[in-house]
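Q: I have a structure open and would like to go through it piece by piece. Can we start with the overall layout and then move to the details?

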Amino acid sequence: MLTNIIKNNNLKKCFRQVKNYSTIIKPERDSKYATINNQDINYFQNILDKHSVLTDPSDVEGFNQDWMKKYKGTSSLVLKPKTTEQVSEILKYCNNRKIAVVPQGGNTGLVGGSVPVHDEIILSLANMNKIEGFDPITGVVTCQSGTVLENIESYLSPLGYTVPIDLGAKGSCQIGGNVSTNAGGIRLLRYGGLHGNILGIEAVLADGSIIDCLSTLRKDNTGYDLKQLFIGSEGTLGVITKVSMITPPKPTSVNVGLFTCDSFDKVKTILTRAKSQLGDILSAFEFMDRPCIDVVLAHQQVQDPFDNKQPFYILIETSGFNETHDSEKLNDFLESIMNDDLIVDGSLATDTKNISAFWKLRESITESLGKEGAVYKYDLSLPMDQFYSIVEIMRNKFEGKANVVGFGHVGDGNLHLNISTPKKPYQKEIFDMIEPFVYEYTSSHRGSISAEHGIGSMKPNHLHYSKSSNSIHLMKSIKNTMDPNNILNPYKVLPN
Ligand code: FAD
Ligand code: MLT
Ligand code: ZN
């Protein structure tokens, strides 16, 4: 048994399941945009059915507010089209009238991209939720962009396939939102990012023209790969209406190990060994520091996994198709990290219930932090040598003032640095202690100020820390070509 080979004094086999927004500065409303009137609403009611045009403030309210309750708009209109043609009609009209539009998926974005900054109308993709086809030979699935990620997984699972992207928000986020943010998540290490897994996109441009790049081909070198432009463009270049995606066969043998470490250097060594010794069966390598565990324990029904607290916790997942082969590899790996005293404690889960319990500890960090108060989130790519130092620097800076935690997809070099204070609203004093320092630190080490969450309305003015001025200039010309009236998600991604 794999679990038996772990030598440590405090081993447990699994967890026992026990027991406003104010100082966010907004850019001025651009007066070139029209304000919605009754004629506009009548027009939209003619293209959509009346249930798909929301104007009652109590119906619109939830669409104006983001998941973190950090960003809030003042839109008075939500449109919920069901077809690509309806999206096209809406955008053509808005473009002619110069009405600004924010596309919205599951509204789980963490950088204020999915809600209006001012009174932009909200184009919700929630009713475009059909899975249109699946080819069992190629493993390519095609669906409308409003399909909830978890629903794609539930559709594929009985067919023996899985989605190549997974994240904590899977129950609400939509594939169109994932593609628009180029979301990373916990499987990127294994399957790569969406730029590789998305084979085709259908999108509607600001003037209503439909761009059909909905290929299901693995190979297609016919000029510029236009679909790539929409991946990660956060609703600023077009509204994604359909996607086709490669789906890999669903692994039949899955193991998850949770380990503790007494130094970050050891976390790095374990990562290197996991890559070389587990190779193709390594499917996730996540880390969280002890303050993360404390926050989760304070807000979730989970128990401390080990009696002995350590500064670092690592979650390693393997997935493959041959239990014996996977177990052998995992045993060799575990023996090697134990023999070299790289871990203090460890525990393995091989059945669904315990695997979920381990993942719950990792995936509920975001929700648990949200219950603490105001959360200042920074999503960074950093070289391994500078990866955790920024957490320690910020912890020293904030001693007694705020809780500083570090977690994330260490296997991809992606740190989530989160600073939480017990009280909302967000405070300028706290922002000033973080920014621009964190961005300067990241830039000086050639990291990225957004590893996977995007730029949204949070970071347009900080884009220059990760993109050269020539690159920003080119991005602006692309935007200008595709959306000359700038009606799609204004005030987001690009600086003025
Ligand atoms: P929304 O939040 O609705 O929108 C995000 C952006 O995409 C906005 O700019 C919006 O305008 C645009 N958009 C949405 N749909 C479309 C469309 N059809 N066409 C054009 N533009 C569109 N992110 C990660 O990368 N990795 C993680 O591990 C991760 N974990 C998370 C865990 C939790 C608990 C939460 C709350 C969030 C997490 N996120 C993560 C962030 C978020 O879930 C992702 O960014 C997700 O991809 C957003 O999808 P959504 O459908 O909610 O999009
Ligand atoms: C995660 O990895 O859990 C997400 O990106 C969410 C977050 O950063 O809070
Ligand atoms: Zn993440």
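Predicted model: local features only at pLDDT ≥ 70, side-chain atom pairs only at ≥ 80, totals over all residues.

Q: OK, ligands. Which residues are closest to ligand 1?
A: The closest are Pro-103, Gly-105, Gly-106, Thr-108 and Gly-109. They belong to a set of 35 residues that surround ligand 1.

Q: What polar contacts does ligand 1 have with Thr-181, Gly-184 and Gly-185?
A: Thr-181 uses a polar side-chain atom, which lies 2.9 Å from an oxygen atom of ligand 1. Gly-184 has a backbone N or O atom 2.9 Å from an oxygen atom of the ligand. For Gly-185, a backbone N or O atom lies 3.3 Å from a nitrogen atom of ligand 1.

Q: How much of ligand 1 does the protein cover?
A: On its own, ligand 1 has 960 Å² of accessible area, and the protein covers 97% of that.

Q: Which elements give two or more residues to the shell around it?
A: Those are S3, helix H5 (175-181) and strand S9 (239-246). H5 gives the most, with five residues.

Q: And ligand 2, what is around that one?
A: The residues around ligand 2 are Leu-110, Arg-362, Thr-366, Lys-377, Phe-407, His-409, His-416, Glu-452 and His-453.

Q: How much of ligand 2 is buried by the protein?
A: The protein buries 85% of the 260 Å² that ligand 2 exposes when taken alone.

Q: Different topic. Why would nonpolar side chains be found together?
A: In soluble globular proteins, nonpolar side chains tend to be buried together.

Q: Which residues touch the most other members in the largest nonpolar core here?
A: Ile-270, Tyr-378 and Leu-417 do, in a core of 62 residues. Helix H9 (residues 264-278) contributes the largest share of this core, six residues. Domain 1 and domain 2 each provide at least three residues to the core.

Q: What does Leu-417 touch, leaving aside its neighbours within four places in sequence?
A: Its contacts include Tyr-376, Lys-377, Tyr-378, Leu-380 and Ile-390. Val-391, Met-394, Val-404, Val-405 and Val-438 are also among them. Lys-377 is also one of the residues around ligand 2.

Q: What is in the second core?
A: That separate core has 26 residues, including Val-141, Leu-149, Leu-167 and Val-243.

Q: Now the backbone. Which peptide bond is cis?
A: The bond from Glu-435 to Pro-436 is cis, with omega near 5 degrees. Pro-436 sits in the loop between helix H15 (428-434) and helix H16 (437-444).

Q: What is phi for Lys-98 and for Asn-489?
A: Phi of Lys-98 is near 55 degrees, a positive value in a residue that is not glycine. Asn-489, also not a glycine, has a positive phi of about 45 degrees.

Q: Where do those two sit?
A: Lys-98 is in the loop between helix H3 (84-97) and strand S3 (101-104). Asn-489 is in the segment after helix H17 (469-482).

Q: Is Asn-489 buried or exposed?
A: Asn-489 has a relative accessible area of 2%, so it is buried. Lys-98 is at 33%, so it counts as partly exposed.

Q: Last one: is His-473 buried or exposed?
A: His-473 counts as exposed because its relative accessibility is 57%, and the cut-off for exposed is over 50%. His-473 is in helix H17.

Terms used. Residues numbered from 1 in each chain as written. Chains lettered and ligands numbered in written order. Heavy atoms only, no water. Helix = DSSP H or I, 4+ residues; strand = E, 2+ residues; numbered from the N terminus. Buried < 20%, exposed > 50% of the residue type's maximum accessible area, 1.4 Å probe, protein only. Core = buried A, V, L, I, M, F, W, Y, C linked by side-chain atoms within 4.5 Å. Domains from an automatic or database assignment. Contact = heavy atoms within 4.5 Å. Near = heavy atom within 4 Å. Areas by Shrake-Rupley, 256 points an atom, 1.4 Å probe, with all protein chains shown as cover. Polar contact = N/O pair within 3.5 Å; in protein donor to acceptor, adjacent residues only side chain to side chain.
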